[in-house]
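Please look over the sequence and the structure below before reading on.

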Amino acid sequence: MTTTVSAYAANSATDPLTKTTIERRDLGPHDVAFDIKFAGICHSDIHTVKGEWGGANYPVVPGHEIAGVVTAIGSAVTRYQVGDRVGVGCFVDSCRECENCEAGLQQYCTGPGGMRGTYNSTERDGSPTYGGYSTAMVVDENYVLRIPDAISLDKAAPLLCAGVTVWSPLRHWNAGPDKRVAVIGLGGLGHMAVKLATAMGAEVTVLSQSLKKMEDGLRLGAVAYHATSDPDTFTQLAGRFDLIINTVSANLDMAAYLGLLALDGTLVELGAPEKPLVVPFFPLGAMRRSLTGSMIGGIPETQDMLDFCAEHDVTPEIEVIEASYINEAYQRVVSSDVRYRFVIDASTI
Ligand code: NAP
Ligand code: ZN
Ligand code: ZN
């Protein structure tokens with residue numbers, strides 16, 4: 001016995017997303033069932049649906065920025081009750097036994113099956129996972145987050161991926177007072193990076209393709225805003241930053257951006273473009289710079305991020321849309337016309 005729920009799915013790399021139904025499993029002893037209220041649109045949803053990372057198993061029901069309200073709990077559930085406000089991010093299970101799972105870094109699970117993605121992945125029994133562009137979901141309580149009362153559910157949704165994906169490297173590489181942080185790309189991830197790094201006390205600069213969104217960038221907390229289409233930006237800011245967070249979904253001239261780091265500075269690649277990055281030796285070796293990457297965040301750090309956002313009043317700038325607008329929203333994200341996260345009102349699915 002399963003429960004049939006409404007969803008939006010992509011049936012191929014080229015078809016628009018359309019309304020359909022999917023099955024959700026019956027409540028197991030450790031499961032939490034919840035009604036989805038809002039689901040954010042992440043650029044990763046678009047990469048996946050379009051097959052840009054390969055390996056999409058259609059139909060794909062995307063959505064890994066999910067916020068809702070608990071409707072039922074399994075007999076052994078201890079952390080949640082009916083009526084609780086909850087969220088689910090990019091994964092719904094992992095091995096729970098490897099060193100990284102033990103450390104609460106489930107996104108880096110090295111055990112059998114690894115991190116089990118919220119969609120386009122499989123459950124332990126081999127059944128496909130379907131994401132948040134749907135009306136209800138069943139998830140093990142260990143992979144469910146608590147949404148603080150101070151954060152509305154529509155604004156909480158994007159924190160589950162965009163928020164934690166920038167939070168994790170900002171924390172890991174010690175963004176804070178006396179640190180000069182640059183954020184490349186003012187989209188979903190980028191605008192959260194500006195807000196969070198500012199709240200952590202860092203001095204933040206935005207590097208955007210143009211100056212179109214400058215007013216927003218400064219309002220969100222940045223002290224400087226530069227256009228990367230202007231070659232002067234790269235001479236003016238050479239060697240300036242301790243930390244650069246790259247959120248761009250396309251391939252950039254890595255040499256040019258590495259040149260903006262100070263001695264021992266770090267560029268964290270968060271964008272996941274279709275093609276490999278090209279990294280020449282000189283800007284890297286010349287100043288003992290580091291190029292690294294980071295992937296989303298574990299359950300404990302996601303909860304820390306949510307609690308920090310509630311305490312510091314940090315929330316995303318969103319545009320709530322009806323489900324029928326998803327395909328248009330995808331177009332707008334691809335053309336960098338999003339301010340700064342589309343969030344689907346699940347009652348319209
Ligand atoms: P988004 O909202 O589309 O933001 C990306 C921003 O990058 C755009 O708003 C734009 O900012 C800039 N940009 C886009 N195309 C560009 C180009 N051709 N050249 C230069 N800049 C360009 O996307 P998102 O949801 O924030 O996701 C960003 C990337 O991170 C995606 O590749 C996504 O898959 C990836 N991601 C990774 C993780 C992870 O765990 N590492 C998690 C989530 C997402 P400006 O207009 O300001 O230039
Ligand atoms: Zn995402
Ligand atoms: Zn593991």
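Contact here means heavy atoms within 4.5 Å, and helices (H or I, at least four residues) and strands (E, at least two) are DSSP runs, numbered from the N terminus. This is a predicted model, in which local features need pLDDT of at least 70 and side-chain atom pairs count only at pLDDT 80 or more, while totals for chains, interfaces and linings use all residues. Residues are numbered from 1 along each chain as its sequence is written, ligands are numbered from 1 in the order in which they are written, and side-chain values use heavy atoms, with hydrogens and water left out.

**Packing of α4 against α10**

- In α4, the residues G163, V164, W167, S168 and R171 meet E301, T302, D304, M305 and F308 of α10.
- By class, this contact of α4 with α10 comprises 4 nonpolar, 3 polar and 3 charged residues (Ala, Val, Leu, Ile, Met, Phe, Trp, Tyr, Cys and Pro count as nonpolar, Asp, Glu, Lys and Arg as charged, and the others, Gly among them, as polar).
- The axes of α4 and helix α10 (residues 299-312) come within 10 Å and cross at roughly 100 degrees, where axes are lines fitted to C-alpha atoms, for helices over the stretch in contact, and angles run from 0 to 180 degrees between N-to-C directions.
- α4 and α10 are therefore roughly perpendicular to each other (angles under 35 degrees count as roughly parallel, over 145 as roughly antiparallel, 65 to 115 as roughly perpendicular and the rest as oblique).

**Packing of α4 against α5**

- Helix α4 (residues 162-172) packs on helix α5 (residues 188-199) at an angle of about 50 degrees, with the axes 8 Å apart, and the two are therefore oblique to each other.
- A162, G163, T165, V166, W167 and L170 of α4 meet G188, L189, M192, A193, L196 and A197 of α5, a contact whose residues divide into 9 nonpolar, 3 polar and no charged.

**Burial of α4**

- Because 9 of the 11 residues of α4 are buried, this helix is largely enclosed by the rest of the structure (buried means under 20% relative accessible area, exposed over 50%, partly exposed in between, with a 1.4 Å probe and protein chains only).
- Among the elements that cover the buried residues of α4 are β10 (180-184), β13 (241-246) and β17 (341-345).

**The zinc site**

- C42 (SG), H64 (NE2) and C161 (SG) coordinate the zinc ion (ligand 2) at 2.0 to 2.2 Å (donors are N, O and S atoms within 2.8 Å of the metal, or 3.2 Å for Na, K and Ca; water is not among the atoms, so sites may look incomplete).
- H64 lies in the loop between α1 (43-49) and β4 (66-73) and C161 in the loop between α3 (153-156) and α4, so the pair ties together parts that are 97 residues apart in sequence.
- H64 is buried, with a relative accessible area of 8%, and C161 is buried at 4%.
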